[in-house]
Amino acid sequence: MVAHGIDLDVFEEHRSVLMGVAYRMLGAFADAEDVVQDTWLRWSAADRERVRDPRGYLVRIATRLSLDRLRQTQARREAYVGSWLPEPLATDVLGESLPDSSERALLDESVTLAMLVVMESLSPLERAVFVLREAFGFPYAEIGAMLDRSDEAVRQLAGRARRHVTQRKPRYDVDSVEQRDITERFLEAASGGDMDGLMALLASDVDVISDTGGKARGPRRVINGADNAARTFIGGARGVYDVVEPETVFREINGELGVVVLSKGEPDTVMVPQFRDGRIARIYIMRNRDKLRGIGK
């Protein structure tokens, strides 16, 4: 049996990959942390002398645990109050803490909120195959061994998932500098009650999707259209949300530009805009504080 200290070193070497798999599978930071902890418990109890590929072995455990948890949580999500969104993750801090290698496993397109929302419509198995294949590049045969599926079955699952994601993945084409400029002007117009200014920045078919979980103020249904969205944000800026001692800061959220509103120094609201043709085409808003653990301060 390998010494416990070396066991921990091996596990820590692959922790970011395990977190990356679990977070993409579940869309929930706290649940992903639980999966990684449970993976450690199983790893520490296993006969590691028989493990030839620690990375593959650990990913298999994390994937299966994530599948079990995803199936358990689907019923709760169906009963969720209002729109359900993945838990946001502050990837600016995360990026500083991870080594500069392929193990920076949370920092790519498949962790953006838009992509995580699309993946919510996949079946659990399709989601697992898509994550393992598209985000981490595991061979079909290895994925099949992890999921107890044949190579052909995995290829079929991967094909369906890829087609589904390709058809539904939004296309955004605004560079980071312009995103920041548009967002700053948007916040200024909202706080100043400038209806015309907001209308000039919002796409005519903009969607505003807000996740409060019934625990904070905010729209429970998707708001569609520039006029409706502008009126909502002007109302919010006038105190509808009752944020105490508000402070607004820009953060990198799930690899993209985001805005965090602090209330007495604690994250209260996270907003992630999506851009198309120089305007804001979609806005994700998270106000359920139970889902803001991945933001920090």
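This is a predicted model: local features need pLDDT of at least 70, side-chain atom pairs count only at pLDDT 80 or more; totals for chains, interfaces and linings use all residues.
What is the handedness of the crossing of H2 and H3?

1. Overall composition. The protein chain has 12 helices and six strands, and of its 297 residues 50% count as buried. Among its contacts with a separation of 6 or more, 66% are accounted for by residues 24 or more positions apart. The accessible surface of the chain comes to about 14,100 Å², and carbon and sulfur atoms contribute 46% of that area.

2. Helices H2 and H3. Helix H2, spanning residues 15–26, packs against helix H3, spanning residues 29–45, at an angle of about 135° and with the two axes 8 Å apart. H2 is therefore oblique to H3, since an angle over 145 degrees would be needed for the pair to count as roughly antiparallel. As to the opening question, the crossing of H2 and H3 is right-handed. On the H2 side the contact is made by Arg15, Leu18, Met19, Ala22, Tyr23 and Leu26, and on the H3 side by Phe29, Asp31, Ala32, Glu33, Val35, Val36 and Thr39. Sorted by class, the residues of this contact are nine nonpolar, one polar and three charged.

3. Helices H4 and H8. Helix H4, made up of residues 54–78, packs with H8 at an angle of about 55°, their axes being 9 Å apart. That angle makes H4 oblique to H8, and H4 passes H8 in a right-handed crossing. From H4 the residues Gly56, Val59, Arg60, Thr63, Arg64 and Leu67 take part, and they meet Glu142, Ala145, Met146 and Leu147 in H8. The contact of H4 with H8 comprises five nonpolar, two polar and three charged residues.

4. Most residues other than glycine have a negative phi.

5. Positive phi at Asn254. Asn254 is likewise a residue other than glycine with a positive phi, in this case near 50°, and its place is in the loop between strand E3 (246–253) and strand E4 (256–263). Is Asn254 buried or exposed? With a relative accessibility of 0%, Asn254 counts as buried, the limit for that class being under 20%.

6. Ala153 in helix H9. Ala153 lies in helix H9 and is partly exposed, with a relative accessible area of 24%. Between Ala153 and Tyr140 there are 9.3 Å in space, C-alpha to C-alpha, and the two residues are 13 residues apart in sequence.

7. Ala135 in helix H7. The place of Ala135 is in helix H7, which covers residues 124–135, and at 22% relative accessibility Ala135 counts as partly exposed. Once its neighbours within four places in sequence are left aside, Ala135 is in contact with Arg24, Asp108, Ser110 and Phe130. Ala135 and Val111 stand 24 residues apart in sequence, while their C-alpha atoms are 8.9 Å apart in space.

Definitions and conventions:
Residues are numbered from 1 along each chain as its sequence is written. Side-chain values use heavy atoms; hydrogens and water are left out. Helices (H or I, at least four residues) and strands (E, at least two) are DSSP runs, numbered from the N terminus. Buried means under 20% relative accessible area, exposed over 50%, partly exposed in between (1.4 Å probe, protein chains only). Contact means heavy atoms within 4.5 Å. Accessible areas come from the Shrake-Rupley method with a 1.4 Å probe; for residues, only the protein chains shown count as cover. Axes are lines fitted to C-alpha atoms, for helices over the stretch in contact, and angles run from 0 to 180 degrees between N-to-C directions. Angles under 35 degrees count as roughly parallel, over 145 as roughly antiparallel, 65 to 115 as roughly perpendicular and the rest as oblique. A crossing is left-handed if the near helix is turned anticlockwise from the far one by less than a right angle, and right-handed if clockwise. Ala, Val, Leu, Ile, Met, Phe, Trp, Tyr, Cys and Pro count as nonpolar, Asp, Glu, Lys and Arg as charged, and the others, Gly among them, as polar.
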